[in-house]
Amino acid sequence: MDERLLGQLERIAAAGIQLLPTPGVERHFVFERAGCVVLVERGEQGFGGIGSPGALTQNGFEALVEREDGAYFVFKGEQRRAPAEQAEAARALLRDLRQALI
């Protein structure tokens, strides 16, 4: 394993972020913390582009979307208002994951 990838994995673990097992999801890694998730593209040499934060529920992936009147989790043409603490947890996961993957 190359040093860059090892460093990324160590920073991910130190931030309390988990890599979820996702059978059937071949193009992305799914990272989770505090009930929030971020999808990251699988690159040839490790991690690729980082997606939007959201939640993984019985509806599947619900993306966090910021609107003028607040934050919402959006899925399959529907939406639900994101509780403030969950929206902040999703934003924090994205921020920490970006920092870990530098």
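Is Ala-34 buried or exposed, and what is its relative accessibility? At 63% relative accessibility, Ala-34 counts as exposed, where exposed means over 50% relative accessible area, buried under 20% and partly exposed in between, computed with a 1.4 Å probe on protein chains only.

Before moving on, note that this is a predicted model, in which local features need pLDDT of at least 70 and side-chain atom pairs count only at pLDDT 80 or more, while totals for chains, interfaces and linings use all residues. Residues are numbered from 1 along each chain as its sequence is written, and side-chain values use heavy atoms, with hydrogens and water left out.

Keep Ala-34 selected: this residue lies in the loop between S2 and strand S3 (36-43), strands being DSSP runs of E with at least two residues, numbered from the N terminus. Most residues other than glycine have a negative phi. Ala-34, although not a glycine, has a positive phi of about 55°.

Next, select Glu-32, which lies in strand S2 (residues 28-33). Glu-32 is buried and yet has no salt bridge, the nearest side chain of opposite charge being that of Arg-33, 8.0 Å away; a salt bridge needs a side-chain nitrogen of Lys or Arg within 4 Å of a carboxyl oxygen of Asp or Glu. A polar atom of the Glu-32 side chain does, however, lie 2.8 Å from the backbone nitrogen of Gly-35.

Finally, go to Lys-76, in the loop between strand S6 (70-75) and strand S7 (78-81). Lys-76 is not a glycine but has a positive phi of about 40°, and at 74% relative accessibility Lys-76 counts as exposed.

How values were computed
Helices (H or I, at least four residues) and strands (E, at least two) are DSSP runs, numbered from the N terminus. Lys and Arg count as positive and Asp and Glu as negative; His and the chain ends are not counted. A polar contact is a pair of N or O atoms within 3.5 Å; within protein, one must be able to donate a hydrogen and the other to accept it, and residues adjacent in sequence count only if both atoms are side-chain atoms.
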